[in-house]
Amino acid sequence: MRHEMIMAGFGGQGVLLMGQILTYAGMLEGKRVSWIPSYGPEMRGGTANCSVIITEGATGSPMVEEPTAAVVLNLPSLDKFEPAIRENGVLIVNSSLIDKEVKRQDIKVYRVPVNDIASELGNIKMANMVALGALIAATGAVEMEMLFTAFAKKFAAKPHILEPNQVAINRGYYRVKNSM
């Protein structure tokens, strides 16, 4: 299966890291992958997004025009990417920051309070990992075990952050799985 995904939010929310870990997990599974970041000139507070393709076959163009799935962590990202999602696609909405209703009826929408869950876990910086877990539950783009392996390899120098982030990923994953 071919997964074309967009992750978007404010700079500093970790959307580029989400894409990197997801891409790395796909690579570890032996799939063909592509990751392209895009961000505004501001370091924090500006907009940031990345596109990820994970496929068994050739990736072709690395550009994602009609994503099969999107994660939006802020309202500007919802406004920008909701119309682009392919029919029958998936949209993960950070309901902690976005109270606007999704207009589309032809996509599957999961409202996940990623900031609230991360705060409950004791670190708001893990909101992106909550969202990543939700995305994996909704799409099955990679296996959870490979996602954990990719995270562990990316942060090998910081082993103390592995377990809390695995908990965050699992919380997002089961939040979506239990709502299906």
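Analyst: In this predicted model, a helix is a DSSP run of H or I that covers at least four residues, with numbering from the N terminus. By that rule residues 75-81 form helix α2, and Ser-77 has its place there.

User: What makes the pair of side chains of Ser-77 and Asn-74 a polar contact?

Analyst: The two side chains come to 2.5 Å, and the cut-off for a pair of N or O atoms, one able to donate a hydrogen and the other to accept it, is within 3.5 Å; the pair therefore counts as a polar contact.

User: How is Tyr-24 classed, and how do you know?

Analyst: Tyr-24, which lies in helix α1, has a relative accessible area of 26%; because buried means under 20% and exposed means over 50%, with partly exposed in between, Tyr-24 is called partly exposed. Apart from neighbours within four places in sequence, Tyr-24 is in contact with Ala-150, Lys-153 and Lys-154. The C-alpha atoms of Tyr-24 and Phe-151 are separated by 8.5 Å, although the two residues are 127 residues apart along the chain.

User: How do α1 and α5 pack, and which residues make the contact?

Analyst: Helix α1 (residues 15-28) and helix α5 (residues 144-154) pack at an angle of about 115°, their axes being 8 Å apart, and α1 passes α5 in a right-handed crossing. Among the residues making the contact are Gln-20, Ile-21 and Tyr-24 of α1, together with Thr-149, Phe-151, Lys-153 and Lys-154 of α5.

User: What makes some residues of the contact of α1 with α5 count as charged?

Analyst: Lys-153 and Lys-154 take part in this contact, and Lys belongs to the residue types that count as charged, so these residues are placed in that class. The whole contact divides into 10 nonpolar, two polar and two charged residues.

User: Which residues touch the most other members of the largest nonpolar core?

Analyst: In this core of 44 residues, they are Met-5, Met-7, Leu-22, Ile-92, Val-112, Leu-135 and Leu-147, while helix α4 (residues 127-139) gives the most, with 10 residues. In soluble globular proteins, nonpolar side chains tend to be buried together. Outside four places in sequence, the contacts of Met-5 include Leu-22 and Leu-135.

Notes: Residues are numbered from 1 along each chain as its sequence is written. This is a predicted model: local features need pLDDT of at least 70, side-chain atom pairs count only at pLDDT 80 or more; totals for chains, interfaces and linings use all residues. Side-chain values use heavy atoms; hydrogens and water are left out. Helices (H or I, at least four residues) and strands (E, at least two) are DSSP runs, numbered from the N terminus. Axes are lines fitted to C-alpha atoms, for helices over the stretch in contact, and angles run from 0 to 180 degrees between N-to-C directions. A crossing is left-handed if the near helix is turned anticlockwise from the far one by less than a right angle, and right-handed if clockwise. Contact means heavy atoms within 4.5 Å. A nonpolar core is a set of buried Ala, Val, Leu, Ile, Met, Phe, Trp, Tyr and Cys residues joined through side-chain atoms within 4.5 Å. Buried means under 20% relative accessible area, exposed over 50%, partly exposed in between (1.4 Å probe, protein chains only).
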